[in-house]
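Subject: Structure handover and findings

Hello,

Below is the structure you are taking over. My notes on it follow.

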Amino acid sequence: LGDDGTRRPDFTIDDVESGTLFYWEHCGLLSDSQYRKRWEEKKALYAKHDIIEGKNLIVSQDERDGSIDSLAIKALIDKYLL
């Protein structure tokens, strides 16, 4: 991210058909205030560099009990990558 340094998303997906490089972040601890704060800062930095949720940033998250909703993950894949 240039002068803003390097950030590593959980996954990157290069969609050759659309020509879009997707960044995927999975947020596991949003109930933790420090984690949430760091995530919001990272998300703002991404936006500064045109990495925007709903465009080329995919965001998934754990449920409050720590589980993962596989149907929600599949819906994100269907929305952005199929």
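Two strands are said to pair if DSSP finds at least two bridges between them. Helices (H or I, at least four residues) and strands (E, at least two) are DSSP runs, numbered from the N terminus. This is a predicted model, in which local features need pLDDT of at least 70 and side-chain atom pairs count only at pLDDT 80 or more, while totals for chains, interfaces and linings use all residues. Residues are numbered from 1 along each chain as its sequence is written, and side-chain values use heavy atoms, with hydrogens and water left out.

Sheet and helix

E1 and E2 run antiparallel and are joined by 5 bridges. One of the pairs is Phe 11 with Trp 24, the latter in E2. The open sheet has 3 strands in the order E1-E2-E3, with mixed pairing. From one strand to the next, the twist averages 20°. Helix H1 packs on the sheet and touches E2 and E3. The direction of H1 makes about 170° with that of E2; axes are lines fitted to C-alpha atoms, for helices over the stretch in contact, and angles run from 0 to 180 degrees between N-to-C directions. Contact here means heavy atoms within 4.5 Å.

Cores

A nonpolar core is a set of buried Ala, Val, Leu, Ile, Met, Phe, Trp, Tyr and Cys residues joined through side-chain atoms within 4.5 Å. Buried means under 20% relative accessible area, exposed over 50%, and partly exposed in between (1.4 Å probe, protein chains only).

The largest nonpolar core has 9 residues: Tyr 23, Cys 27, Leu 30, Tyr 35, Trp 39, Tyr 46, Ile 51, Leu 57 and Val 59. Strand E2 (20–27), helix H1 (33–48) and strand E3 (57–61) each give two or more residues to this core, and H1 gives the most, with 3 residues. A second, separate core has 6 residues, including Phe 22, Ile 58, Ile 73 and Tyr 80. Apart from neighbours within four places in sequence, Ile 51 is in contact with Leu 1, Tyr 23, Tyr 46, Asn 56 and Leu 57.

Salt bridges

A salt bridge is a side-chain nitrogen of Lys or Arg within 4 Å of a carboxyl oxygen of Asp or Glu. The whole structure has 6 of these salt bridges. In one of them, the side chains of Glu 25 and Lys 42 meet at 2.9 Å, N to O. Glu 25 belongs to strand E2 and Lys 42 to helix H1, so this pair ties together parts 17 residues apart in sequence. Glu 25 is buried, at 4% relative accessible area.

Another salt bridge joins Lys 37 to Glu 41, with the closest N and O atoms 3.6 Å apart. Both residues are in helix H1, 4 residues apart, or about one turn of the helix. Lys 37 is partly exposed at 49%, as is Glu 41 at 44%.

Asp 50

Asp 50 lies in the loop between H1 and E3. Its phi is positive, about 60°, although Asp 50 is not a glycine. Most residues other than glycine have a negative phi. The side chain of Asp 50 forms a salt bridge with Lys 55 (2.7 Å, N to O). Asp 50 is partly exposed at 39% relative accessibility, and Lys 55 is partly exposed at 44%.

Regards
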